[in-house]
Amino acid sequence: MKSFKLVLLLSLFSYSAIGFSKTIIVTDIDDTIKKANTMGGIGGVWHFLRKKPYEYARDLFNEIKANEIALGEEVGFYYVSAAPSYTFDAPEWLVKNNFPIGPTFLKTSENGGETYAYKYRTIKTIIESELKKDPALKIVFFGDNSQHDAQVYFDLRANMNLSNSLIFIRDVSTEATEFDPKLPVVKLADVTYFFSEVELIGNPELTFMSKKLADNITKGYKAESIIPMYTLDTLVDRLKKICERKFTIITKSVAASCKSQAKADADVYWNDYYSRY
């Protein structure tokens with residue numbers, strides 16, 4: 001009888017330890033959850049100032065939160081951006097657009113510096129603090145490949161031995177999506193890249209995704225509105241540069257020819273993507 005009680009006690013302890021572990025979501029803002037056109041250079045300023053959210057990312061974040069709470073687990077969100085703090089009020093923007101609330105970190109004159117170093121340092125401090133409270137911490141990273149998110153998350157996972165972590169990267173550079181066998185694909189190992197949220201439907205790590213959200217994502221995909229049109233411009237620019245690398249001297253006629261071909265190919269790839277799912 002005593003041995004049975006001991007087994008039962010240990011089982012309850014084990015269940016409690018698992019049930020009340022914590023998950024944190026560490027996410028970038030610009031071009032991860034906010035449409036900013038960071039690949040667009042000066043031309044992206046207008047989009048940056050609009051500050052429109054990726055609605056499906058917002059809805060996914062809220063479902064992550066609801067799922068963790070339903071499992072009896074604690075959940076926290078951290079928003080880490082390399083955008084200068086004077087560009088917008090991040091906490092206000094998150095509230096206005098109904099994102100889960102959490103601490104926000106933007107660059108200032110005191111904590112700034114090169115983007116990779118700033119993000120690595122800031123996120124490392126967050127994780128170290130959380131690990132002290134919960135060594136079994138689960139971490140879910142969200143970012144994009146316009147700058148350094150993927151590499152920062154990848155390096156943190158390796159250097160901090162974060163075996164209980166996932167990385168999701170939005171392909172805003174158009175380099176991680178397979179459009180054509182002739183085009184190079186740039187990916188890091190064990191990182192989930194997605195050109196749009198439709199690729200996340202059925203993901204084994206996101207089985208909690210509701211039918212309503214999956215249907216909304218599919219609807220946006222079928223309407224061809226799920227990806228900002230400025231991403232098509234990014235694809236054109238990428239293809240144009242690839243074309244120009246084939247020439248020793250870039251004349252006006254070469255540039256014009258490459259641009260024309262890039263637009264034609266980009267349209268084909270764009271339409272093909274919208275016929276896949």
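**Helix α9 and its surroundings**

The buried residues of α9 are V254, A255, C258, A262, A266, Y269, W270 and Y273. Viewed along the axis of α9, these buried residues fall within an arc of 115 degrees, so they line one face of the helix. The model is a predicted one.

**Chain as a whole**

- Of the 277 residues in the protein chain, 48% are buried.
- The accessible surface of the protein chain is about 14,800 Å², and carbon and sulfur atoms account for 57% of that surface.
- Taking contacts between residues at least 6 apart in sequence, 69% join residues at least 24 apart.

**Helix α9**

- Helix α9 covers residues 252-273, which is 22 residues.
- At 1.5 Å a residue, α9 should span 32 Å, and its end C-alpha atoms are 31 Å apart, so the two values agree.
- The cover over the buried residues of α9 includes α7 (211-222) and α8 (230-244).
- S253 and V268 lie on the other side of α9, where they are exposed.

**Disulfide**

- The count of disulfides comes to one.
- This disulfide joins C243 to C258, with an S to S distance of 2.1 Å.
- The pair links distant parts of the chain, with C243 in helix α8 and C258 in helix α9, 15 residues apart.
- The angle about the S-S bond is -70 degrees, and the link of C243 and C258 is left-handed.
- Both C243 and C258 are buried.
- C258 is also one of the buried residues of α9, and α8, the helix that holds C243, is among the elements that cover those residues.

**Residue N203**

- N203 sits in the loop between β8 (192-194) and α7.
- The relative accessibility of N203 is 12%, and because buried means under 20%, N203 counts as buried.
- The N203 side chain reaches the backbone nitrogen of E205 at 2.8 Å.
- Leaving aside residues up to four places away in sequence, N203 touches F168 and T192.

Terms used:
Residues are numbered from 1 along each chain as its sequence is written. This is a predicted model: local features need pLDDT of at least 70, side-chain atom pairs count only at pLDDT 80 or more; totals for chains, interfaces and linings use all residues. Side-chain values use heavy atoms; hydrogens and water are left out. Helices (H or I, at least four residues) and strands (E, at least two) are DSSP runs, numbered from the N terminus. The expected span of a helix is 1.5 Å times one less than its number of residues. Buried means under 20% relative accessible area, exposed over 50%, partly exposed in between (1.4 Å probe, protein chains only). The arc is that of the directions from the helix axis to the C-beta atoms. Contact means heavy atoms within 4.5 Å. Accessible areas come from the Shrake-Rupley method with a 1.4 Å probe; for residues, only the protein chains shown count as cover. A polar contact is a pair of N or O atoms within 3.5 Å; within protein, one must be able to donate a hydrogen and the other to accept it, and residues adjacent in sequence count only if both atoms are side-chain atoms. A disulfide is a pair of cysteine sulfur atoms within 2.5 Å.
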